[in-house]
Amino acid sequence: VPVNPTDATNDEIWKSTLIKGVGQLLYPPDSGHKTVIFGHSSNYKYVKSNYNEVFKNLPQMKVGDTVSIDYNGKHLNYLVKKFEIVPATTPSIVTDYGREELVLFTCWPYLTSKERYIIYLDRVV
(Lines give C-alpha, C1' and ligand atoms only; values in the text may rest on other atoms or scores of the structure.)
Protein backbone atom coordinates (compact mmCIF):
# COMPACT_ATOMS: atom_id res chain seq x y z
CA VAL A 1 0.00 0.00 0.00
CA PRO A 2 1.49 3.38 -0.90
CA VAL A 3 2.28 5.54 2.14
CA ASN A 4 1.93 9.25 1.39
CA PRO A 5 2.98 12.14 3.66
CA THR A 6 -0.01 14.41 4.20
CA ASP A 7 -1.46 17.32 6.18
CA ALA A 8 -4.07 16.33 8.77
CA THR A 9 -5.08 19.96 9.31
CA ASN A 10 -6.49 20.26 5.78
CA ASP A 11 -9.50 18.01 5.03
CA GLU A 12 -9.14 18.27 1.24
CA ILE A 13 -5.47 17.26 1.34
CA TRP A 14 -5.75 14.24 3.63
CA LYS A 15 -8.92 13.01 1.95
CA SER A 16 -7.23 13.09 -1.46
CA THR A 17 -4.19 11.34 0.07
CA LEU A 18 -6.34 8.43 1.26
CA ILE A 19 -7.67 7.86 -2.26
CA LYS A 20 -4.06 7.05 -3.27
CA GLY A 21 -3.16 4.80 -0.29
CA VAL A 22 -2.60 5.63 3.37
CA GLY A 23 -1.46 8.88 4.97
CA GLN A 24 1.69 9.49 6.98
CA LEU A 25 1.97 12.20 9.64
CA LEU A 26 4.75 13.59 11.81
CA TYR A 27 8.11 11.95 11.10
CA PRO A 28 9.11 9.37 8.48
CA PRO A 29 10.00 5.83 9.54
CA ASP A 30 13.58 5.32 10.83
CA SER A 31 13.75 8.92 12.13
CA GLY A 32 13.95 8.18 15.85
CA HIS A 33 10.53 9.79 16.36
CA LYS A 34 6.84 8.91 16.08
CA THR A 35 5.54 7.90 12.66
CA VAL A 36 1.76 7.92 12.27
CA ILE A 37 0.11 6.06 9.40
CA PHE A 38 -3.65 6.17 8.92
CA GLY A 39 -6.10 4.78 6.42
CA HIS A 40 -9.77 4.13 5.78
CA SER A 41 -11.61 1.22 7.33
CA SER A 42 -14.63 2.25 5.24
CA ASN A 43 -15.63 5.09 2.97
CA TYR A 44 -18.64 6.39 1.09
CA LYS A 45 -19.64 4.10 -1.79
CA TYR A 46 -19.40 6.97 -4.28
CA VAL A 47 -15.68 7.49 -3.50
CA LYS A 48 -13.77 5.42 -6.06
CA SER A 49 -10.52 4.07 -4.62
CA ASN A 50 -8.75 0.74 -4.15
CA TYR A 51 -7.96 1.86 -0.58
CA ASN A 52 -11.43 2.56 0.85
CA GLU A 53 -11.13 -0.33 3.31
CA VAL A 54 -7.34 -0.74 3.50
CA PHE A 55 -7.35 -0.70 7.34
CA LYS A 56 -10.69 -2.51 7.77
CA ASN A 57 -8.96 -5.49 9.42
CA LEU A 58 -6.69 -3.44 11.67
CA PRO A 59 -8.77 -4.39 14.76
CA GLN A 60 -7.93 -8.06 14.14
CA MET A 61 -4.26 -7.46 14.99
CA LYS A 62 -3.04 -8.72 18.35
CA VAL A 63 -0.24 -7.78 20.73
CA GLY A 64 2.89 -9.52 19.42
CA ASP A 65 1.94 -9.34 15.72
CA THR A 66 4.47 -7.77 13.37
CA VAL A 67 4.25 -5.11 10.65
CA SER A 68 6.89 -4.46 8.00
CA ILE A 69 7.54 -1.22 6.13
CA ASP A 70 9.88 -0.72 3.19
CA TYR A 71 11.30 2.80 3.40
CA ASN A 72 14.23 4.33 1.51
CA GLY A 73 15.58 0.91 0.60
CA LYS A 74 15.34 -0.37 4.19
CA HIS A 75 13.06 -3.13 5.47
CA LEU A 76 11.78 -2.03 8.91
CA ASN A 77 9.97 -4.39 11.29
CA TYR A 78 7.65 -3.38 14.10
CA LEU A 79 5.98 -5.32 16.93
CA VAL A 80 2.45 -4.54 18.16
CA LYS A 81 2.68 -3.52 21.82
CA LYS A 82 -0.87 -2.26 22.54
CA PHE A 83 -4.08 -0.93 21.07
CA GLU A 84 -6.85 1.39 22.18
CA ILE A 85 -10.07 3.02 21.05
CA VAL A 86 -10.33 6.76 21.64
CA PRO A 87 -12.58 9.67 20.64
CA ALA A 88 -11.85 11.08 17.18
CA THR A 89 -10.55 14.32 18.72
CA THR A 90 -7.81 12.71 20.84
CA PRO A 91 -4.58 14.70 20.27
CA SER A 92 -2.17 12.05 21.63
CA ILE A 93 -2.44 10.18 18.32
CA VAL A 94 -0.26 12.83 16.69
CA THR A 95 1.84 13.90 19.68
CA ASP A 96 5.53 13.05 19.32
CA TYR A 97 7.15 11.97 22.58
CA GLY A 98 10.71 12.04 21.22
CA ARG A 99 11.16 8.32 20.71
CA GLU A 100 10.76 5.97 17.77
CA GLU A 101 7.28 4.51 17.56
CA LEU A 102 4.90 3.51 14.79
CA VAL A 103 1.22 4.30 15.24
CA LEU A 104 -1.45 2.92 12.91
CA PHE A 105 -5.02 4.16 13.13
CA THR A 106 -8.37 4.11 11.43
CA CYS A 107 -11.94 5.16 12.12
CA TRP A 108 -13.99 3.00 14.45
CA PRO A 109 -16.51 1.36 14.64
CA TYR A 110 -16.72 0.07 11.09
CA LEU A 111 -18.78 2.34 8.79
CA THR A 112 -18.49 5.31 11.18
CA SER A 113 -15.94 7.98 12.05
CA LYS A 114 -17.00 8.40 15.68
CA GLU A 115 -13.82 7.04 17.27
CA ARG A 116 -10.30 5.96 16.34
CA TYR A 117 -8.86 2.46 16.59
CA ILE A 118 -5.16 2.87 17.32
CA ILE A 119 -2.32 0.35 17.31
CA TYR A 120 1.06 1.22 18.86
CA LEU A 121 4.16 -0.59 17.62
CA ASP A 122 7.84 -0.63 18.62
CA ARG A 123 10.65 -1.13 16.15
CA VAL A 124 12.36 -4.51 16.20
CA VAL A 125 16.03 -3.97 15.43
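**Reading a predicted fold, one feature at a time**

Reader: Let's start with Asn 52. Where is Asn 52 found?

Author: Asn 52 is found in the loop between β3 (34-38) and β4. Keep in mind that this is a predicted model.

Reader: And is Asn 52 buried or exposed?

Author: Look at relative accessibility, where buried means under 20%. Asn 52 comes out at 13%, so Asn 52 counts as buried.

Reader: What does the side chain of Asn 52 make a polar contact with?

Author: Its partner is the side chain of Asn 43, at 3.0 Å. Leaving out residues up to four places away in sequence, Asn 52 touches His 40, Ser 41, Ser 42, Asn 43, Tyr 44 and Val 47.

Reader: Let's move to strand β3. How do I read Thr 35, buried or exposed?

Author: Thr 35 is found in strand β3, and with 2% relative accessibility Thr 35 counts as buried. Setting aside neighbours within four places in sequence, the residues in contact with Thr 35 include Gln 24, Leu 25, Tyr 27, Pro 28 and Pro 29, along with Glu 101, Leu 102 and Val 103.

Reader: Now the greasy part. How many residues does the largest nonpolar core have?

Author: A nonpolar core joins buried residues through side-chain atoms. The largest one here has 15 residues, and those with the most contacts inside it are Ile 37, Leu 102, Leu 104, Ile 119 and Leu 121. Strands β4 (66-71), β5 (74-87), β6 (101-108) and β7 (115-124) each supply at least two residues of this core. Apart from it lies another core, of 10 residues, including Leu 18, Val 36, Val 103 and Ile 118.

Reader: How should I picture the strands themselves? In what sense do β5 and β7 pair?

Author: Here's the general idea: in a regular strand, side chains alternate between the two faces of the sheet. In this model, β5 and β7 pair in the antiparallel sense over 10 bridges, and Ile 85 stands opposite Tyr 117 in β7. β6 and β7 also pair in the antiparallel sense, over 7 bridges, with Leu 102 standing opposite Leu 121 in β7. The hairpin of β6 and β7 has 6 residues between the strands, and Leu 111 takes a positive phi near 70° there.

Reader: How many aromatic pairs does the structure hold?

Author: It holds 5 aromatic pairs. To read a pair, check the angle between the ring planes: over 60 degrees counts as edge-to-face, under 30 as stacked. The rings of Trp 14 and Phe 38 have their planes at 65° and their centres 6.3 Å apart, so that pair is edge-to-face. Trp 14 in helix α1 (residues 11-19) and Phe 38 in strand β3 are 24 residues apart, so to speak a link between distant parts of the chain. Phe 38 counts as buried, at 7% relative accessibility.

Reader: And which residues form a stacked pair?

Author: Phe 83 and Tyr 117 do, at 5.7 Å centre to centre and 10° between the planes. This pair also links distant parts of the chain, with Phe 83 in strand β5 and Tyr 117 in strand β7, 34 residues apart. Phe 83 is partly exposed at 44%, while Tyr 117 is buried at 5%.

Reader: What sits over the ring of Tyr 120?

Author: The charged end of Lys 82 does, 5.0 Å from the ring's centre.

Terms used. Residues are numbered from 1 along each chain as its sequence is written. This is a predicted model: local features need pLDDT of at least 70, side-chain atom pairs count only at pLDDT 80 or more; totals for chains, interfaces and linings use all residues. Side-chain values use heavy atoms; hydrogens and water are left out. A nonpolar core is a set of buried Ala, Val, Leu, Ile, Met, Phe, Trp, Tyr and Cys residues joined through side-chain atoms within 4.5 Å. Buried means under 20% relative accessible area, exposed over 50%, partly exposed in between (1.4 Å probe, protein chains only). Helices (H or I, at least four residues) and strands (E, at least two) are DSSP runs, numbered from the N terminus. A polar contact is a pair of N or O atoms within 3.5 Å; within protein, one must be able to donate a hydrogen and the other to accept it, and residues adjacent in sequence count only if both atoms are side-chain atoms. Contact means heavy atoms within 4.5 Å. Rings of Phe, Tyr and Trp (its six-membered ring) pair if their centres lie within 6.5 Å; planes under 30 degrees apart count as stacked, over 60 as edge-to-face and the rest as tilted. A charge sits over a ring if NZ of Lys or CZ of Arg is within 6 Å of the ring centre and within 35 degrees of the ring normal. Two strands pair if DSSP finds at least two bridges between them.
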